[in-house]
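Please keep the sequence and the three-dimensional view at hand while reading.

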Amino acid sequence: MKPIIFITRKLDNRVVAPLQEKFNVRMWESESESVPRAVLLKEVAEVDALWTVVSDSVDRELLETGKKLKIVANMAVGYNNVDLDAAREHGVFVTNTPGVLTETTADLAFALLLATARKLIFAESEVRKGNWNSWSPMQYTGMDVSGATIGIIGMGRIGEAVARRAKGFDMRVLYNNRNRKREAEAEHGFEFMELDRLLAEADFVVTLAPHTPETVGLISARELGLMKSTAVLINVSRGGIVDETDLYEALKDGTIWAAGLDVFETEPVPLDNPLLTLPNVTVLPHIGSASIKTRLAMMNLNAQAITAVLEGREPENRIV
Ligand code: DGY
């Protein structure tokens, strides 16, 4: 009997075919709809390995149901969707896909920053709607990025990659992180700063901290109140780090100027989320790592981790 893998999203055949040679692969075939919880619970009861994505909740109930489960391979660098304590208790490996998405996610963060600062999405929609009737000096004007100050919260691999891009735009780079990055400070002139001061000095605040109990609500009303009224907030890490209710108020009353969001507390974002009603918010559907090359690299890492465990080896990129 071949070990069984359940994959919660439709995958590229280049990744699935090699797995099928060795294992019994079951896959949720839809790209547009998440696997229903009932289906996931039924599958996990029978499988040896589970391939998940960020929006799958791998909670205690799921891990308890997986009596034969040996590994959860989470196709993301973040793993806040997985109950690590429950995995540990049940002796289930948990792996993630770091490294391969760093530059791609930094590209997206910067693209979102530029798009929000210069109102690109709004301006583009004006052209398509036929609303561009004249050229007028202050029409569609936004904020300068070149020469401005960026404050990066969470200076991991992606944070550093965003900071390097910012240097190319002659920006002053401030950062806040659990650990000082002295080498990067010396090499690139990045400046470590306490969070409150960073918020007060930055023109662009980019949140890249991981989602942990300590970072939930890290940017709430008080922190938004410290920011400049001309400031732009960019969140490309996880919803929940920025309090959405407080952000809505801050954007509505002009406490800050604009926000660019690739992530939300609830994903896919419900259409009744009040943030979607604001003209000064740019929204994206969690596409930080969404380049073809990077998604294939993430899939390959996941496939390697599952193969290792099902062949009795220790997986790389092990969290638990
Ligand atoms: C990650 O890797 O954590 C991203 O958010 C999903 O692409």
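This is a predicted model: local features need pLDDT of at least 70, side-chain atom pairs count only at pLDDT 80 or more; totals for chains, interfaces and linings use all residues.

Ser-289 contributes with its side chain instead, placing a polar atom 2.6 Å from an oxygen atom of the ligand. Considered alone, the ligand exposes 230 Å², and the protein buries 89% of that area.

## The shell around the ligand

Which residues surround the ligand? They are Val-54, Ala-76, Val-77, Gly-78, Leu-101, Arg-238, His-286, Ser-289 and Met-298. Sorted by class, this shell consists of 5 nonpolar, 3 polar and 1 charged residues.

## The largest nonpolar core

In soluble globular proteins, nonpolar side chains tend to be buried together. The largest nonpolar core of this model has 55 residues. Within that core, the residues with the most contacts are Ile-5, Trp-51, Ile-150, Ile-152, Val-162 and Phe-204. Helix 12, which spans residues 292-310, supplies the largest share of the core, with 8 residues. Both domain 1 (4-98 + 292-310) and domain 2 (102-283) provide at least three residues each to this core.

Ile-152 deserves a separate look. This residue is found in strand 6. Is Ile-152 buried or exposed? It counts as buried, because its relative accessibility is 0%, and the limit for a buried residue is under 20%. Ile-152 and Tyr-175 are 23 residues apart in sequence, yet their C-alpha atoms are 4.6 Å apart in space.

A cis peptide bond joins Glu-267 and Pro-268, with omega at about -10°. Pro-268 is found in the loop between strand 11 (258-261) and strand 12 (281-283).

Asp-170 lies in the loop between helix 7 (157-168) and strand 7 (172-176), whereas Asn-317 is found in the segment after helix 12. Asp-170 is classed as exposed because its relative accessible area is 63%, and exposed residues are those over 50%. Asn-317, with a relative accessible area of 27%, is partly exposed.

## Sequence separation and distance in space

How far apart in space are the C-alpha atoms of Gly-147 and Gly-168? They are 9.7 Å apart, while the two residues are 21 residues apart in sequence. Gly-147 lies in the loop between helix 6 (120-129) and strand 6 (149-153). With a relative accessible area of 53%, Gly-147 is exposed.

Asn-176 is found in strand 7. Its relative accessibility is 16%, so Asn-176 counts as buried. Asn-176 and Val-263 are 87 residues apart in sequence, and their C-alpha atoms are 20 Å apart in space.

Definitions and conventions: Residues are numbered from 1 along each chain as its sequence is written. Side-chain values use heavy atoms; hydrogens and water are left out. A residue is near a molecule or strand if one of its heavy atoms lies within 4 Å of it. A polar contact is a pair of N or O atoms within 3.5 Å; within protein, one must be able to donate a hydrogen and the other to accept it, and residues adjacent in sequence count only if both atoms are side-chain atoms. Accessible areas come from the Shrake-Rupley method with a 1.4 Å probe; for residues, only the protein chains shown count as cover. Ala, Val, Leu, Ile, Met, Phe, Trp, Tyr, Cys and Pro count as nonpolar, Asp, Glu, Lys and Arg as charged, and the others, Gly among them, as polar. A nonpolar core is a set of buried Ala, Val, Leu, Ile, Met, Phe, Trp, Tyr and Cys residues joined through side-chain atoms within 4.5 Å. Buried means under 20% relative accessible area, exposed over 50%, partly exposed in between (1.4 Å probe, protein chains only). Helices (H or I, at least four residues) and strands (E, at least two) are DSSP runs, numbered from the N terminus. Domain bounds come from an automatic or database domain assignment.
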